[in-house]
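Please work through the exercises below with the sequence and the structure side by side, trying each task before you read its solution.

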Amino acid sequence: MAFLTVNGLTSRYDSSKGPVYAVEDVDFTLEDGESIGIAGESACGKSTLGLSIIRMLAGGKTQGKIHFDENSILDVDENTFEKTFRWKKISMVFQGAMNSLDPVFTINDQFLEILKQHNFDGDSKQVIADAMNSVNLDVNVLKKYPHELSGGMKQRVVIAMALLLKPKFVIADEPTTALDVLIQAQIINLLKSLKKSGMSFMLITHDLAVLSEIADKIGIMYGGQIVEFGSSQEIYKNPKHPYTQGLLQSIPTLKGNKPTYIKGIPPSLLDAPTQCRFIDRCPLAVEKCKQLPPKFKTKTGYVQCWLYEDK
Ligand SMILES: Nc1ncnc2c1ncn2[C@@H]1O[C@H](COP(=O)(O)OP(=O)(O)OP(=O)(O)O)[C@@H](O)[C@H]1O
């Protein structure tokens, strides 16, 4: 059964230059226990998508439908959302969060602050210990200040903070960026074991390679749209959108062809999408691409590209 269904999700920011079309008409579904990876270049709207789901978009407006455990969560009032969903059922590891730990408070104090903000009235010591345990950190770390921890430990701490109230769905925005490859692997393994224990993730990254181990489904974002969505297997083995193909070809491998890169730059999100967003960089663009492609059904999802109109 699907626990998360996103339909026509659209989020726009107001800016002095006009609206920023950061997330446009996004659809996807996750079945119980499934995790999704969202990949795409910088500024394509990945964080905005995560922030829209947890309703923490600052300076922007979200439209569309999100059903979480059969609740239409964009329609509930802020009080109910805060009381019932945010952090308790859906939480987020924010991008760069490990660098925003407060330097003047111990880790324990920072955990307590989160519990206070969410009016937690249970056994604080126990839930903090459980969260530390689930990220394989010793409780002694609680006495320390952020500067006494390594990057990998700090990242575990911020993941533990997101796990504090035992949510079902955790949005992790670039949780491995800025960590060395060994620590990256540790964090991915950690997410893998949390997934095994029943948690679902939305793993946001610009690095398609890190998704292979966590994501059951993948959404490829380009210019604010999910241009291809499907099972990880289908996306890796039989990528359809020319952008997905380009992204995959840009991953270096030990054996095989030399990686290539996608020429050109992404479109400005200040322009409303009236044609295919990828048209200027696409090696396969045709006249029809001057119209905005709809979502064409694929075996496990959809692709927003005219090449698949008759297939
Ligand atoms: N508060 C805001 N006000 C106006 N525009 C914003 C705001 N936040 C983000 N944007 C714009 O929205 C677009 C999408 O940004 P977003 O951070 O979601 O992209 P991203 O894919 O997560 O990027 P990155 O990988 O670099 O984190 C960008 O053009 C960004 O400049």
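Predicted model: local features only at pLDDT ≥ 70, side-chain atom pairs only at ≥ 80, totals over all residues.

Residues are numbered from 1 along each chain as its sequence is written, and side-chain values use heavy atoms, with hydrogens and water left out.

**Exercise 1. Determine which residues of helix α3 are buried, and how they are placed around its axis.**

Step 1. Begin with the terms: helices (H or I, at least four residues) and strands (E, at least two) are DSSP runs numbered from the N terminus, and a residue is buried under 20% relative accessible area, exposed over 50%, and partly exposed in between (1.4 Å probe, protein chains only).

Step 2. In α3, which spans residues 107–117, the buried residues are I107, Q110, F111, I114 and L115. They lie on the same side of α3 because they cover an arc of only 145 degrees around the axis, where the arc is that of the directions from the helix axis to the C-beta atoms.

Step 3. K116 and Q117, on the other side of α3, are exposed.

Step 4. Now look for the cover: α4 (124–134) and α5 (151–163) are among the elements that cover the buried residues of α3. Just after the helix, N119 has a positive phi of about 50 degrees.

**Exercise 2. Describe the surroundings of I107.**

Step 1. I107 is located in helix α3, and it counts as buried because its relative accessibility is 0%.

Step 2. Contact means heavy atoms within 4.5 Å. If residues up to four places away in sequence are not counted, I107 touches V141, L142, K144, P146, L149 and V157.

**Exercise 3. Work out the strand order of the open sheet and follow its pairings.**

Step 1. Two strands pair if DSSP finds at least two bridges between them. The open sheet has eight strands in the order β6-β7-β8-β3-β9-β10-β12-β11, and its pairing is mixed. Its edge strands, each pairing on one side only, are β6 (90–93) and β11 (296–297).

Step 2. Start from β6, which pairs with β7 (residues 169–173) in the parallel sense over four bridges; here S91 stands opposite V170 in β7.

Step 3. Continue with β9 and β10, which run antiparallel and are joined by six bridges, with G219 opposite F229 in β10. In their hairpin, which has two residues between the strands, G223 takes a positive phi near 55 degrees.

Step 4. Next, β10 pairs with β12 (residues 302–303) in the antiparallel sense over two bridges, and Y302 in β12 is the bridge partner of F229. Because seven of the seven residues of β10 are buried, this strand is largely enclosed by the rest of the structure.

**Exercise 4. Find how α5 lies relative to the strands β6 and β7.**

Axes are lines fitted to C-alpha atoms, for helices over the stretch in contact, and angles run from 0 to 180 degrees between N-to-C directions. With that in mind, α5 lies across β6 and β7, and it runs at about 165 degrees to β6.

**Exercise 5. Identify which residues have the most contacts inside the largest nonpolar core.**

Step 1. A nonpolar core is a set of buried Ala, Val, Leu, Ile, Met, Phe, Trp, Tyr and Cys residues joined through side-chain atoms within 4.5 Å.

Step 2. The largest such core has 99 residues, and those with the most contacts inside it are F28, L49, F111, F169 and M202. The element that gives the most to this core is α5, with seven residues.

Step 3. Take L49 as a case: leaving aside its neighbours within four places in sequence, it is in contact with L9, V23, V26, I38, M202, M221 and I226.

**Exercise 6. Locate R55, and decide whether this residue is buried, exposed or partly exposed.**

Step 1. R55 lies in the loop between α1 (46–53) and β4 (60–68), and its phi is near 55 degrees, a positive value in a residue other than glycine.

Step 2. Its relative accessible area is 21%, so R55 is partly exposed.
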